[in-house]
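Subject: Structure handover

Hi,

Here is the structure I promised you. Please open it first, then read my notes below.

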Amino acid sequence: MTTPRTIVIGSGLGGAAATLTLAHAGLPVTLVEKNRSLGGSCAQYSKRGFQLDVGTHMFSRGPHGPLGDLLRRVGQPQAITFKRTRDIAELRVRGVHGMLDPIAVPASAARMPGFAWELVRAMGLSPSEAAKAGRLFACVLAMPDDRVRQLDEVTVQDFLEPFGLHDGVAGLFGFLLGLYFVVPYWEASAGEAIWCFQRMLRDNHLSYPIGGSQAVPGTFVRIAQQHGAEVRTGAGVERILVEDGRVTGVRLSTGEELPGERVISTSSLRTTALHLLEPGAAPQAWVDKARAIKGSYIAVQAKFAVDRQLVKAGAIVGGVGQDQDLFSMSLDQLKGLFQDVAEGRIPQCVPFYCPIPSNFDPSLAPPGHQLLTACAVAPTTDIQLLDPAERWETAMVEALHGVVPGLEEHTVFV
């Protein structure tokens, strides 16, 4: 008997990892990718000497998390090099006196007390408010796994409530935990968020791969090919074929049919259920559940190519507006921010996240230059924008200009 072939749809992290797992196990597998280049949101392109990610990325556990686990499983633990910077990130907001106060988040645990003091000072916390924040941090870090699992159905907001935190602390902590899922912290699972946060802190390897984000799926696929995997690019899937309740393969947008007895789709569950499968091909209860899924927020992005080093840290994180920033906002104002986004309006305070890939791998930019990859929260594509798309882009660019001195003058292109 021949071993059944598996077809994997999509070459992002999930699809590339699935392909490598199967190929290393000796199973026939074909990876199909609709784009000409591999990587999904980790794909890359070149422009004027800069290597730019399609998405906006840092890797919270580097070689210590699941990416490294897979490489160790296939016997190539050193195949990807993840680099760190002296300062993981900088928080860039307006301080209590209205001045811009970059606060370095150090990579070294020995420098963490200094960071905590700077944070307390910038937020204007009283000793009792600082103590409450400290108790929260200690509770999260030391929480055992069985307690974490009990919080899976509890929101981050409800978890934070008993600590009686200062609004700025609650908002900042909620914002950081929400980054894992790109949803407001009153919708995010406390259990899932704490699970991620604990492992990120314990591994202490927030990093970025040499060669750019594409190095991760690209390496997975390269090793998979060494084990016999077939890879097809420019091959969009139009339909997953099902006969008599069994998968028989896929039909490409070109009309070509690829036979296979298993299909792994790394497209979204909604897209898979509602578009890639024929009506009636899957149990209706499963299709209804997929249809009811609410998507996380998306992002407006900008890549800034600049002609000198403007930022030393691995990333900058923050949120600023005309009269607000993440430190000064009340919880009601923070909720109003996400409500504005959910209704298609640009919020008064623009929260941003901006890794600096060239600070990890200087070869991603020409000598003496720097690459900033920024993103800001935006509504899902099914929401009608009340402010035009161009204005969302402008708001994010203006926010970055406000927190990175010299950015406007030294930009080569955006």
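A search of the whole structure finds 16 salt bridges. A salt bridge here is a side-chain nitrogen of Lys or Arg within 4 Å of a carboxyl oxygen of Asp or Glu. Before the details, note that this is a predicted model: local features need pLDDT of at least 70, side-chain atom pairs count only at pLDDT 80 or more, and totals for chains, interfaces and linings use all residues. Residues are numbered from 1 along each chain as its sequence is written, and side-chain values use heavy atoms, with hydrogens and water left out.

Salt bridges

Take Asp87 and Arg111. Their side chains meet in a salt bridge at 2.7 Å, N to O. Asp87 sits in strand E6 (residues 87–94), and Arg111 in the loop between strand E7 (100–106) and helix H3 (112–123), so this pair ties together parts 24 residues apart in sequence. Helices (H or I, at least four residues) and strands (E, at least two) are DSSP runs, numbered from the N terminus. Asp87 is buried at 13% relative accessibility. Arg111 is partly exposed at 26%. Buried means under 20% relative accessible area, exposed means over 50%, and partly exposed is in between (1.4 Å probe, protein chains only).

Arg92 and Glu90 also form a salt bridge, at 2.6 Å, N to O. Arg92 is buried at 6%. Glu90 is buried too, at 12%.

Another pair is Glu238 and Arg251, at 3.0 Å, N to O. Glu238 is in strand E10 and Arg251 in strand E11, so the pair ties together parts 13 residues apart in sequence. Glu238 is partly exposed at 40%, and Arg251 is partly exposed at 21%.

Finally, Glu230, Arg232 and Glu256 are linked in a network of salt bridges.

Sheets

Strands of a sheet pair through backbone hydrogen bonds, either parallel or antiparallel. Two strands count as paired if DSSP finds at least two bridges between them.

Axes are lines fitted to C-alpha atoms, for helices over the stretch in contact; angles run from 0 to 180 degrees between N-to-C directions. Strand E1 (residues 6–9) is joined to strand E2 (residues 29–33) by 4 bridges. Ile9 has Val32 in E2 as its bridge partner.

A second open sheet has 3 strands in the order E10-E11-E12, with antiparallel pairing. E10 (237–243) and E12 (257–259) are its edge strands. The twist averages 30° from one strand to the next. E10 and E11 (residues 246–252) pair over 6 bridges. Leu241 has Gly249 in E11 as its bridge partner.

Two loop residues

Is His205 buried or exposed? His205 is buried, with a relative accessible area of 15%. It lies in the loop between helix H8 (190–203) and strand E8 (208–209). Gly75 is in the loop between helix H2 (66–73) and strand E5 (82–83). Gly75 is exposed at 56%.

Best wishes
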